[in-house]
Amino acid sequence: MTRCVVVGAGAREHAIAHALRDVFDVVVTPGNAGIAAHGIACSEEKPEQLQPDLVVIGPEAPLVNGLADSLRARGIPVVGPGSQGARLEGSKAYLKEFLQAAEVPTAAYGIFTDLDEAGRYLADSRPPFVVKTDGLAAGKGVLVTTSLDEARADVAAKLSGDAFGEAGTTVVIEEGLEGVECSLLALCDGEKVVPLVAAQDFKRVGDGGTGPNTGGMGAYAPMDLPAGFVDDIVERFFNPTVTELRRRGIDFRGVLYAGLMLTERGPYLLEYNVRFGDPETEVLAPLYGPGLGELLLGCAHGALGPAPAITNAAVTVVLASSGYPGGSRSGDLIEGLGPDGQLIEPHEGVTVFHAGTRRRADGRFETNGGRVVAVTGTAPTVAQARERAYRAAALVTFEGRVWRRDIAASTTQGGS
């Protein structure tokens, strides 16, 4: 049986491993206690030590740091770009310049290392103001605000290094776009692009898109989009991106995750991620199930085939630790989970994917900071999947639990 090593320790990696477990011999490194409890092998060894036939790299930092390059140098097939391709996510400034060269629609922008120059640019801009950390910031490096004073303070904190260290000492200030957000993930084998169904994630911590940005508080898929929309995005966004990558000598084999804003003027690219999104993976992986395996093999070997048809819908609700996304707390007992890390009483179409959990000496689970679990419901419709996800999420409780009650409440509104 093909051995697939999944690199990472969160709910995204749990969801990928769960989808592949019936068709591959799956090992997650390092994984977490909830993944292991679910009957999926976890290991502290490096991926190359686990004799993989395929490696799927989950987080962005190892990609930016060149893990895919080192594995490919050993002859190991990998889903994930090398460090040059990973710059699309690793540097917001590089991305904007890349998009301009590729003629991909994106918001107007300025790149700054000087506080005074950034301040003048803000003063000449119209709200909402969008300030982005150049480097990796775990999904928390973006401020969207209508307050000029708040934008100036954010720029100052980033450029000084106080907010995100070296990752923030260059900032990108963008034109604020308004509309409906959409996440479209596609697999790329170096030449071809195969899109998955569109998902929508919910970034802000509070209901109605209030409060600070987070790594993601929930998602649903598929989005109800106009006929031909996905084909248009492939033609106008993904294909020019792959052409530009090849022009720069970059053989990109991995995930291109397009964060889009659907405005009255048409779609614009907000960002590219170069790996599976989190929590988008927690809705997409259950929908594709074992069929995801063939796609990943084709991606790594430069031989992508078509994506299988999707017949169900999925909704994910994230439960986070007290204080999230600030200084979140650890060590709170989680009620409602059994020894296998799933619901004590199983619910049809529901899976609990573990992110920030750990086992106590008595075998029960406790919080380990940040996002704790992602509860996913699948069903024939989004409404039915949502009902399943929320009914199950209500049973998983811990002190100070942070969660949104409006994930997929309206599939016609933005997912902020």
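So, Cys-4: its bridge partner in β2 is Val-26. That belongs to a parallel pairing of β1, residues 3–8, with β2, residues 25–30, over six bridges. Strands here are DSSP E runs of at least two residues, helices H or I runs of at least four, both numbered from the N terminus, and two strands pair if DSSP finds at least two bridges between them.

Quick caveats: this is a predicted model, with local features needing pLDDT of at least 70 and side-chain atom pairs 80 or more, while totals for chains, interfaces and linings use all residues. Numbering runs from 1 along each chain as its sequence is written, and side-chain values use heavy atoms, leaving out hydrogens and water.

Back to the strands. β1 and β2 pair over six bridges, and the chain gets from β1 to β2 through α1 in a right-handed β-α-β crossover (strands pointing away from the viewer, the path from the first strand over the helix to the second runs clockwise). Nine of the ten residues in α1, 11–20, are buried (under 20% relative accessible area; exposed is over 50%, partly exposed in between, 1.4 Å probe, protein chains only). Among them are His-14 and Ile-16.

β2 also pairs in parallel with β3, residues 41–42, over two bridges, with Val-27 opposite Ala-41.

Most peptide bonds are trans, and most non-glycine residues have a negative phi. Thr-29 and Pro-30 are joined by a cis bond, omega about 0°, and Pro-30 lies in β2. Tyr-324 and Pro-325 are cis too, omega about 10°.

What about Glu-103, buried or exposed? Exposed, at 68% relative accessibility, and its phi is near 60°.
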